[in-house]
Structure formats: structure tokens, C-alpha cells
Amino acid sequence: MAEPITLYKLMILSMLEHSEAPLTNTLLSDFFLGKEYTTYFTLQEALHELDEAQFIQQEASHDNIQYTITPAGQESLSFFENKINSEIQADIKQYIAENQLPIAASTAAVADYYITPEKKYAVHCQLREKGIPQLDLTLNVRNKEQAEVICANWKKQIDDIYMLLIDHLLK
């Protein structure tokens, strides 16, 4: 059996490989902590080491981090996936299957804000399908509070916003 940290890395790579969309730090933590495989800090260490080795790619926003597997990670997993026992592999596949809708939803509507060179706030909103932007919008707002509200509402109201834009643009 592999060293524990190596096993956790392989499990992360396997989860990312089996998922149709990027996985958030929250979803990975839910799996590892919910199944009591390891602690939060050990999981974060494994994620950091995978990122440093360029086996995963991370995209950070103000409220979460999303991970995808890189080609180097896929290649490494193909060599060592047999080190993950069948029970753990079954847990991974079951978790991904049971959570595919929340996984897709967590990566479909993405919003983050940043401070512009002019010291104002800009909110960058995207609607993605299988990682490909379908709608990309940047709004300049007055303050951090407005930026946070827009980020939260974008995720909650994306379907209505998208349909409203399409309806108005097709008139």
C-alpha cells in the first residue's frame, strides 16, 4: 500500500479524473472529511503538493478554489491508480455520481471580484458549460459590498439572468 499522503494525492487525482467538471475545495473536503480518510490540513498539503508538481491546476475566487487534473496528473494517475484499493475507488465513483449536479452547478456559474488599477471594484461573472465560457461579463461597481452581493446573486440567479439577456438580445 502507498504512503498515506501519496494515497491521498492519488485519490484526489482519481476524483478529478472521474468528475465531468472541476471540483471545488469544499467538495473535496466534504469527501475526505465525510469519509474520515484524513484531516483538512493533510488534504490541503496533498493539494498543495499536487499543484506544485503541476498534476492539478487550481483556479481561485474569493469564496472557493476549483481544481482540475492536468495531462501530467492524468499520466501519473494511469501509472499508479492500481495503488488505490477497490473500496476507495468505489467510494470515489459513488461520491462523484451522487454529487454530479452540485459539482456541475458549482462550476457553471462563476463570479469573482478584484480591485482595478484605478482602485475601483470590478466583478467578473461567467457562465460555463464543461469549462467553456458561454457568457462572460465584467461589471464595475462602487464598493466591495456591491461586488460581494453581485457574486452571490450571480450564482443564485444565473438561469434567470441568462434567459433575460437572451430574450432582450434576440428581440
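Biologist: Before we start, what counts as a salt bridge here?
Modeller: A side-chain nitrogen of Lys or Arg within 4 Å of a carboxyl oxygen of Asp or Glu. Keep in mind that this is a predicted model.

Biologist: Fine. How many salt bridges does the structure hold?
Modeller: There are 2. One of them joins K9 and E49, with 2.5 Å between the closest N and O atoms.

Biologist: Where do K9 and E49 lie?
Modeller: K9 is in helix α1, residues 4-18. E49 is in helix α3, residues 40-52. The pair therefore ties together parts that are 40 residues apart in sequence.

Biologist: Which residue does D91 form a salt bridge with?
Modeller: With K35. The closest N and O atoms are 3.8 Å apart.

Biologist: What does that pair tie together?
Modeller: Parts that are 56 residues apart in sequence. D91 sits in helix α5, residues 86-98. K35 is in the loop between α2 (25-34) and α3. K35 is partly exposed, with a relative accessible area of 39%.

Biologist: Switching to rings. How many aromatic pairs are there?
Modeller: The count is 8 aromatic pairs. Among them is F31 with F32. Their centres are 5.4 Å apart and their planes are at 90 degrees.

Biologist: Stacked or edge-to-face, that F31 and F32 pair?
Modeller: Edge-to-face. F31 is buried, at 0% relative accessibility. F32 is buried too, at 0%.

Biologist: Why is the pair of Y40 and F41 edge-to-face?
Modeller: Because the planes of Y40 and F41 stand at 80 degrees, and the cut-off for edge-to-face is over 60. The ring centres are 5.7 Å apart.

Biologist: How accessible are Y40 and F41?
Modeller: Y40 is partly exposed at 37%. F41 is exposed at 67%.

Biologist: Which residues form the aromatic cluster with Y8?
Modeller: F31, F32, Y37 and Y95. Together with Y8 they make one cluster. So the buried F31 and the buried F32 both belong to that cluster.

Biologist: Back to F41. Where is its place?
Modeller: F41 is in helix α3.

Biologist: What does F41 form with L33 and Y40?
Modeller: A nonpolar patch on the surface. L33, Y40 and F41 together have about 330 Å² of accessible area.

Definitions and conventions:
Residues are numbered from 1 along each chain as its sequence is written. This is a predicted model: local features need pLDDT of at least 70, side-chain atom pairs count only at pLDDT 80 or more; totals for chains, interfaces and linings use all residues. Side-chain values use heavy atoms; hydrogens and water are left out. Helices (H or I, at least four residues) and strands (E, at least two) are DSSP runs, numbered from the N terminus. Buried means under 20% relative accessible area, exposed over 50%, partly exposed in between (1.4 Å probe, protein chains only). Rings of Phe, Tyr and Trp (its six-membered ring) pair if their centres lie within 6.5 Å; planes under 30 degrees apart count as stacked, over 60 as edge-to-face and the rest as tilted. Patches are made of residues with over 30% relative accessible area and no salt bridge: like charges are joined within 9 Å, nonpolar side chains (Val, Leu, Ile, Met, Phe, Trp, Tyr) within 5 Å. Accessible areas come from the Shrake-Rupley method with a 1.4 Å probe; for residues, only the protein chains shown count as cover.
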